Amino acid sequence: MKIAMIGTGYVGLVSGVCFSDFGHEVVCVDKDPRKIEMLERGEVPIYEPGLDTLMAKNVEAGRLTFTLDLAKAIDGAEAVFIAVGTPTRRGDGHADLTYVMAAAEEIARAAKDYVVVVTKSTVPVGTNAGVREAVAAANPALDFDVASNPEFLREGAAIDDFMKPDRVVVGVETERAAKVMEGIYRPLYLRDFPIVTTDLESAEMIKYAANAFLATKITFINEIAALCEKVGADVKQVSKGMGMDERIGNKFLHAGPGYGGSCFPKDTKALARIGQEHASPISIVETVIKVNEDTKRRMIGKLLDLCGGSFNGKTVAVLGVTFKPNTDDMRDAPSLTIVPALVGGGAKVRVVDPQGRREGEQLLPGVDWATDPYRAAEGADLLVILTEWNEFRALDLTQLAGSMATARMADLRNIYSPEDARAAGFTGYESVGRSGFESA
């Protein structure tokens, strides 16, 4: 089958590359000439483990190409995927559908034969019906169907998620569209991966409900962690005990500095807004949004305590600023709240992150970038672990403590234990949801 993928951002590029690896002929379209030039040179504009290799393989096989020409990409395609951005709209929290609707109209004007217009972008309930109306209005003579096919890709594990999904969700209105989507996902049908075929509105809602529920799990355990600190419990043990219950599960029960990224912040806000607009408020989700922001600010309080109540004149080494490991994504990362508070308070901040510098240099002004945790810690008053990259999981704590001016650590991902920190020579240690210590 021939597939056109509009948008070469995270979702569009990963999906396009993986579809081509299924054996389809895929043309990825973007309006940014620089991005298309990069892709044609074999350079990947995002960091996702394994994507560069898989992309090169399918380009070489002739199944994957990149272009600025939408009409050329659509010509002969049986399905056109819309995978453009849906950022949070300023002022009201709703998803901005400007790019989605513009893409729908461009598809309508360029298409000549029957095509399925598939929305891959995360969109509010009712958007695909709007896409249908936009296409029909732009080209009344066009024979087409619309489909909703939300993505469920974890950054850092996106290729595996695409190739071995928990489920694929497909929303359609006609049997004809269902057959086209079945052909696209035939390799997964043959390997018995679950394909959920439903109506458009249910497919749209599944995406929002799933992400909001995961965000709720994270926020719940972070509130439990705050209580654990007050009563002397250990949140890691609490999470373990909870997660053994199959009805709860152990995923997304790791206490930390709050969620971030491209999906959870945007999708929770959009779902809350959808509820408000339909006079059916999602009070739990509204609370999750508030508590997540409170959690990030609570982390600043921990750092202040370790710095004696003031950041002024202190040197702080921060390990990790992306919202999670194995990605270069900085969107809504806890670091964007915590690091500016350090800088604004008068601290000299040194940052180490394996992939975060490209975006971080603009988003985190006033910091010094280092490539090595040990150099960043030399002469520092505080060490902060903010993202749990593998590179930070087996550090020589004794060496770190010995090189610091004041050996204090804020382990905001609970990688180490208070006992290990004390034995290594740290005189102050804080984590999330566990007892710390501070020596005189």
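## The second largest pocket

What volume does the second largest pocket have? In this predicted model, the second largest pocket has a volume of about 1,300 Å³. The search uses a 1 Å grid over the protein atoms alone, where a pocket is an open set of points with protein on both sides within 12 Å along at least five of seven lines, while a cavity is a set of points where a 1.4 Å probe fits but cannot get out. Grid points are joined across faces, edges and corners, and a volume is the space filled by probe spheres set on the points.

A lining residue has an atom within 4 Å of a point, and of the 47 residues that line this pocket, those closest to its centre are Gly-9, Ala-83, Val-84, Gly-85 and Arg-331. Two or more lining residues come from each of the elements α1 (10-21), α2 (33-40), α5 (98-110), α12 (264-277) and α15 (357-363), and α5 gives the most, with four residues. These elements are DSSP runs numbered from the N terminus, with helices (H or I) of at least four residues and strands (E) of at least two.

By class, the lining holds 19 nonpolar, 11 polar and 17 charged residues. Here Ala, Val, Leu, Ile, Met, Phe, Trp, Tyr, Cys and Pro count as nonpolar, Asp, Glu, Lys and Arg as charged, and the others, Gly among them, as polar.

## Annotated binding sites

An unreviewed UniProt entry gives the annotation "binding site" to Asp-30, Lys-35, Thr-86, Thr-122, Glu-155, Lys-266 and Arg-331. They span 302 residues in sequence, and the farthest two C-alpha atoms are 24.1 Å apart, so they do not all gather at one spot. UniProt positions follow the numbering used here, feature names are shortened, and annotations may be inferred rather than shown by experiment.

## Two helix contacts

The axes of α10 (residues 200-231) and α12 come within 9 Å and cross at roughly 115°, and the crossing is left-handed. Axes are lines fitted to C-alpha atoms, for helices over the stretch in contact, and angles run from 0 to 180 degrees between N-to-C directions. A crossing is left-handed if the near helix is turned anticlockwise from the far one by less than a right angle, and right-handed if clockwise.

Helix α13 (residues 283-306) and helix α14 (residues 335-344) pack at an angle of about 35°, with their axes 9 Å apart, and their crossing is right-handed. In this contact (heavy atoms within 4.5 Å), Lys-296, Met-299, Ile-300 and Leu-303 of α13 meet Thr-337, Ile-338, Ala-341 and Leu-342 of α14.

## How to read the values

Residues are numbered from 1 along each chain as its sequence is written, and side-chain values use heavy atoms, with hydrogens and water left out. Because the model is predicted, local features need pLDDT of at least 70 and side-chain atom pairs count only at pLDDT 80 or more, whereas totals for chains, interfaces and linings use all residues.
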